[in-house]
Amino acid sequence: MMMTMTTTDPYPTARLEDGDVRVLLLENIHTDGADFLRGKGFQVETRDGALGEDDLIEAIQGVHLLGIRSTTYITEKVLAAAPDLIAIGAFCIGTNQIDLAATTRQGIAVFNAPYSNTRSVVELAIAEIISLARRLHEKSTDMHAGVWNKSAAGSHEIRGRTLGIIGYGNIGSQLSVIAEALGLSVVFYDIDDKLALGNAKRCSTLEELLAVSDVVTLHVDGRPGNAGLFGADEMAQMKPRSLFLNLSRGIAVDTAALRENLESGHIAGAAVDVFPIEPKRQGDPFDSDLRGLKNVILTPHVGGSTEEAQQDIGRFVASKLRSYASYGGTSLSVNMPEINLAADASKHRLALVHRNAPGVLARINGLLGECGVNIEAQSLSTRGEIGYVLTDVLDEVGDDVLRELASLPETVRLRQLS
């Protein structure tokens, strides 16, 4: 598949075969992702660890597809310095590390993996709930220190306890089902109207959930409104000697307040996998208000870090990047209107991102008709202020026609795929 790329303006100036497409994958993305893209003929470079803004700007020159995880931040400054970039793959669930508004304005598609690591996060949550309830981490620490402390004091079964889930999305809802199978009663709170699974009960307010939960677990996304979601006031409303887990976003929890409640004994134990500030590379120093507390399990953002999950994520996101680069497909894109069309070897395809304004499609088709271009098939989708149209034509479109399409005031980005 050949594709026409944009540089500093929406008119395509360089035609690339798949073998000329450059891909940069950061943060130890699973090798299956790189292998998949190489197998399609793409040039793939991989790097360990995240990159800061200046290093990323240097590394991204001439790159068409970028793959990251949760620690590389894609700012407007980075995007402005990457004229060849057409798509970003977040090989994780969250996309709050990407300036989505800026990517959309520039017609850069963003893809993530909203489902691939769900099971891994759920299993870690279950493991940590049991470990906290049985105080396994404390007993293990004592044993390593040479202390034999065989006692049932403070150890409990989870059966019959109430689990409060804050955020009932893909992870929260699956956790709900598995927790109920283990004998927990489940209540949940979500700002969206979500269907309860099994015997789970929806709480109308966060306060209602906190008042009845023996274990509170946070599964929210990284939207700015969730910053500081869970602080001293919320912790004060929890049941005495309850447990707390955060496997979602570090910015959501006041860790200083959590430490105070753990030290006072109001919260009996906590498990935290995410932090407001996290090291960028393996082996970098880590610090947190929660270090040194015996009743806390700390893990280095490994909720989705199982070999199975990372393999699935690598394949899934890589396939989305390839589909967009080669065929223009935007299925499950985070920021672009969704169109999913298969390749058709008998046709050439125009992929045009445009501002969503009345009459754009008519102007595009009118211009093509005036230039003698016969449309074989067409699909249009819009999303907010952005529209996206894929147009299949029988013959390759000439540069004069591409210039006319690029000159439309609504055009954001234009590619010719063939």
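**Close-up views of a predicted model**

**View 1. Residues where helix α12 meets helix α13.** In this predicted model, I364, L367 and L368 of α12 are in contact with V401, E404 and L405 of α13. Helix α12 covers residues 360-370, and helix α13 covers residues 399-406.

**View 2. Crossing of the axes of α12 and α13.** The two helix axes come within 10 Å of each other and cross at roughly 160°. Angles over 145 degrees count as roughly antiparallel, so α12 is roughly antiparallel to α13. The crossing of α12 and α13 is right-handed.

**View 3. Setting of T103 in helix α4.** T103 belongs to helix α4, which is made up of residues 100-105. Is T103 buried or exposed? The relative accessible area of T103 is 0%. Because buried means under 20% relative accessible area, T103 counts as buried.

**View 4. Contacts of T103.** Which residues touch T103, apart from neighbours within four places in sequence? They are L79, I88, I98, I108, V110 and N335. With N335, the side chain of T103 also makes a polar contact of 3.2 Å.

**View 5. Domains of the protein chain.** The domain assignment divides the chain into domain 1 (18-112 + 307-332), domain 2 (118-298) and domain 3 (340-417). How far apart are the C-alpha centres of domain 2 and domain 3? The distance between these centres is 49 Å.

Technical notes. Residues are numbered from 1 along each chain as its sequence is written. This is a predicted model: local features need pLDDT of at least 70, side-chain atom pairs count only at pLDDT 80 or more; totals for chains, interfaces and linings use all residues. Side-chain values use heavy atoms; hydrogens and water are left out. Helices (H or I, at least four residues) and strands (E, at least two) are DSSP runs, numbered from the N terminus. Buried means under 20% relative accessible area, exposed over 50%, partly exposed in between (1.4 Å probe, protein chains only). A polar contact is a pair of N or O atoms within 3.5 Å; within protein, one must be able to donate a hydrogen and the other to accept it, and residues adjacent in sequence count only if both atoms are side-chain atoms. Contact means heavy atoms within 4.5 Å. Domain bounds come from an automatic or database domain assignment. Axes are lines fitted to C-alpha atoms, for helices over the stretch in contact, and angles run from 0 to 180 degrees between N-to-C directions. Angles under 35 degrees count as roughly parallel, over 145 as roughly antiparallel, 65 to 115 as roughly perpendicular and the rest as oblique. A crossing is left-handed if the near helix is turned anticlockwise from the far one by less than a right angle, and right-handed if clockwise.
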